[in-house]
Amino acid sequence: MSRGRAIAVALVSLGAALAAGHLVAGFVGPPASPFLAVGNWVRDLSPHPVTEWAKDTFGTADKLVLFLGVTLVILGCAVAAGLLSRTRPWPGLLVAGALGVVGFVAVLTRPDLGQLGILAPAASLLAGVGTFNLLHKRADPVTSTGRRDFLRLSAGVAVGAGVLGGVGQAFGSRVDVEASRRAVGRLRVAEPAPPIPAGADFPGTVSFLTDNRDFYRIDTALTVPRVTADGWSLRVHGLVDRELELDFAAIRERPLVERTITMACVSNEVGGSLVSTANFIGVPLRDVLLEAGVRPEADQLLSTSVDGFTAGSPVDAVLDPERGALLAIGMNGEPLPVEHGFPARLVVPGLYGYVSATKWLTELELTTFAAEQGYWIPRGWSALGPVKTQSRIDTPRDGDTTGTTVTVAGVAWAPAVGIDRVEVAVDVDSGGDWRDARLAAEVGRNTWRMWRATVDLPPGEHRIAVRATDRNGETQTDAFAPPAPNGASGWHTITVTSR
Ligand SMILES: Nc1nc2c(c(=O)[nH]1)N[C@H]1C(S)=C(S)[C@@H](COP(=O)(O)O)O[C@H]1N2
Ligand SMILES: [Mo]
């Protein structure tokens, strides 16, 4: 058959396969959709340099790029399969079978699917092979009933696939997490956070509390897990005296506390915005762990998400009453937004999110660092992730043109430790002095602190640098380090031109 026909046969069969899998996944569990499962699988298998490169190059669009990449590879396989099958069907069937096996493995390795999950790749395989066989016969100039007939059949299968895929999508979205979130309603807080004083932020800095919709978001989830409050429970087990199983009602009925906490991502570059602050509402994680009874051998709390993500935090940190780690169910007065972990997550001040802040939390296991590793550790990141003391200039922006007297303002953070001093220097490489910035009111040791300073800039180009000193007396090093493996370091520096 012609090249065009051969490719058409393969692509339409691929479409039928993906649609059939997506349809069945809509009923047995959305993550079973083979396309999605393969995307997840590729992400989990990607070696560290590849994920780092993707993050550096595409930032938070890395998921989209992953999907595009997987799509291109699958399309490439299909086109190749079609071209190899111009005279006989078996090379195409072989490729279909191979893709089918990949789908099976990807789905079987998902942590969030029951046994019915394999029905989705099974449907894909059957639909793919069946469609390929049928179309291949009809496209064959010897057995074919004509060109029109072939085109009509191909178009029919393609449209049918689109419709079935859509039905699967609609069915998979029937778990209405937003409705569950609304049904949770207002959380009654027994111990509200102290109000944020008016002087906690400065003009020119980001606002002290970050709105939920502006709060940075980082996770490996290619689609946001849909967990309802009613269907949720948390298991506490491992090196404990007694296992606990808590449901959402059991948590919200406890006296809820509210704590103002600054969270930071280890991937944040110097000067970056993967750092935000919110009033988190929940129960002290320490209380839950003490109820279970932590055995002395345990040095790691391994938290697991419904989607299989895990984070390992030092037991000392999560039990430290001063640090005040939370099993959080609310954020800035609302139930947790779905993207930020509804119905429950962990927040541990002073630890990067990758070793502490598990969203869509479902399990807490007391274990040891020797026995188990969180998701990012075998992928090249450090097992311990204390947040490095950092500071950032928010105003002026890099590249701005300024007057000769300029107010520089920004934020500094050393969560769990506290910020004691921030200094600003103009042209520090050519002998400029460090001068103290004015610090805003301190809200708490676990939050960032705003600062500002007025500097004189003779006409011309200048570099402005900032550095913070934390409550342990440690001043930020100017030694540059990239985010991997344990967080970026160095001074945030901007260049401006004064006139
Ligand atoms: N389930 C799950 N939880 C997760 C992650 C994830 O990939 N999956 N990423 C962690 C990382 S790296 C960070 S920095 C924080 C970010 O939380 P946020 O998206 O609410 O800001 O979530 C943590 N919790
Ligand atoms: Mo992160």
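Visitor: In what sense do strand E6 and E7 pair, and over how many bridges?
Guide: Strand E6 (residues 300-305) pairs with E7 in the antiparallel sense, over five bridges; strands are DSSP runs of E of at least two residues and helices are runs of H or I of at least four, numbered from the N terminus, and two strands pair if DSSP finds at least two bridges between them. This is a predicted model, in which local features need pLDDT of at least 70 and side-chain atom pairs count only at pLDDT 80 or more, while totals for chains, interfaces and linings use all residues. Residues are numbered from 1 along each chain as its sequence is written, chains are lettered from A and ligands numbered from 1 in the order in which they are written, and side-chain values use heavy atoms, with hydrogens and water left out.

Visitor: Which residue in E7 is the bridge partner of Leu 301?
Guide: The bridge partner of Leu 301 in E7 is Ser 313.

Visitor: And what is the strand order in that open sheet?
Guide: The five strands run in the order E3-E2-E11-E6-E7, with mixed pairing. Strand E3 (244-247) and strand E7 (310-314) are at the edges with a single partner strand each, so one side of each has no neighbour in the sheet. From one strand to the next the twist averages 15°, where angles run from 0 to 180 degrees between N-to-C directions and axes are lines fitted to C-alpha atoms, for helices over the stretch in contact.

Visitor: Switching to helices, at what angle do H2 and H5 pack?
Guide: Helix H2 (residues 34-45) and helix H5 (residues 90-108) pack at about 70°, with their axes 8 Å apart. They are therefore roughly perpendicular to each other, a label for 65 to 115 degrees, whereas under 35 counts as roughly parallel, over 145 as roughly antiparallel and the rest as oblique.

Visitor: Which residues of H2 make that contact?
Guide: On H2 they are Ala 37, Val 38 and Trp 41, and these meet Val 102, Gly 103, Val 105, Ala 106 and Val 107 of H5, contact meaning heavy atoms within 4.5 Å.

Visitor: How far apart are the axes of H1 and H7?
Guide: The axes of helix H1 (residues 3-28) and helix H7 (residues 147-172) lie 7 Å apart, at an angle of about 25°, which makes H1 roughly parallel to H7.

Visitor: Last one: how far apart are domain 1 and domain 3?
Guide: Their C-alpha centres lie 51 Å apart. The chain is divided into domain 1 (3-172), domain 2 (183-367) and domain 3 (390-498), with bounds from an automatic or database domain assignment.
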